[in-house]
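Please examine the sequence and the three-dimensional structure shown below. The explanation after them should be read with both in view.

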Amino acid sequence: MEKDILQQVYYKYTKKVYLYLYSLCRNHDLAEDLMQETFVKALCSIDLAEEGVLPWLLRVARNLYLDYFRKERRRGWEELDENQPGKETALLEQLIQKEKNQQLYQAILRLSETEKEAVVLYWFSGLSQEAIGSILNLSHGNVRVILYRAKKKLKQYLEHESI
């Protein structure tokens with residue numbers, strides 16, 4: 001593989017992979033570490049066909065996160081805290097500057113893990129429902145239903161918050 005091609009893939013997808021991992025673990029340092037590991041693993045064995053690269057990278061990232069989470073749980077450590085104060089909050093506030101976006105983010109956090117992942121992958125990463133299904137090991141129909149229900153829940157949460 002040429003160095004230029006590898007750099008192009010990295011620069012094209014690094015932000016999306018990082019945001020996806022950050023949405024899973026809500027920890028800046030862990031998301032960066034897992035992102036780097038994702039690209040190391042992915043670029044060692046990736047077929048650089050343009051179509052299908054992002055879904056494949058996100059699947060690798062998700063599997064690395066799940067492996068990390070299982071390893072931590074096996075060691076007897078507490079599960080990852082969803083509301084870590086400090087550096088992550090400052091980063092989050094930089095990324096989400098408008099009040100509406102903050103409300104949307106809070107509403108997304110209230111969704112189930114599967115709904116959260118589907119929403120992030122569909123609306124923020126721009127993946128198709130078929131690609132999301134392959135990443136989450138779900139059928140296209142299941143992804144469609146999950147996205148529909150998540151959208152309905154988000155609408156309810158946001159309407160309730162704005163009252």
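The following paragraphs treat the confidence of the model, then its aromatic pairs, and then individual residues.

This is a predicted model, in which local features need pLDDT of at least 70 and side-chain atom pairs count only at pLDDT 80 or more, while totals for chains, interfaces and linings use all residues. Residues are numbered from 1 along each chain as its sequence is written, and side-chain values use heavy atoms, with hydrogens and water left out.

The predictor's confidence in each residue is expressed as pLDDT, on a scale from 0 to 100. For the protein chain the average is 78, and 75% of the residues score at least 70. Where pLDDT is low, the predicted coordinates should not be read in detail.

The structure holds four aromatic pairs. Rings of Phe, Tyr and Trp (its six-membered ring) pair if their centres lie within 6.5 Å; planes under 30 degrees apart count as stacked, over 60 as edge-to-face and the rest as tilted. The ring centres of Tyr10 and Tyr11 are 5.5 Å apart with the planes at 80°, so this pair is edge-to-face. Tyr10 and Phe39 are also edge-to-face, because their planes stand at 70°, with the centres 4.9 Å apart. Since Tyr10 belongs to helix α1 (residues 3–25) and Phe39 to helix α2 (residues 28–45), the pair ties together parts that are 29 residues apart in sequence. Tyr10, Tyr11 and Phe39 form one aromatic cluster.

Phe69, in helix α3 (residues 53–74), has a relative accessible area of 18%. Its C-alpha is 9.0 Å from that of Cys25, 44 residues away in sequence. Glu115, in helix α6 (residues 113–124), is buried with a relative accessible area of 8%. Not counting residues up to four places away in sequence, Glu115 touches Ile146, Arg149, Ala150 and Lys153.

Conventions
Helix = DSSP H or I, 4+ residues; strand = E, 2+ residues; numbered from the N terminus. Buried < 20%, exposed > 50% of the residue type's maximum accessible area, 1.4 Å probe, protein only. Contact = heavy atoms within 4.5 Å.
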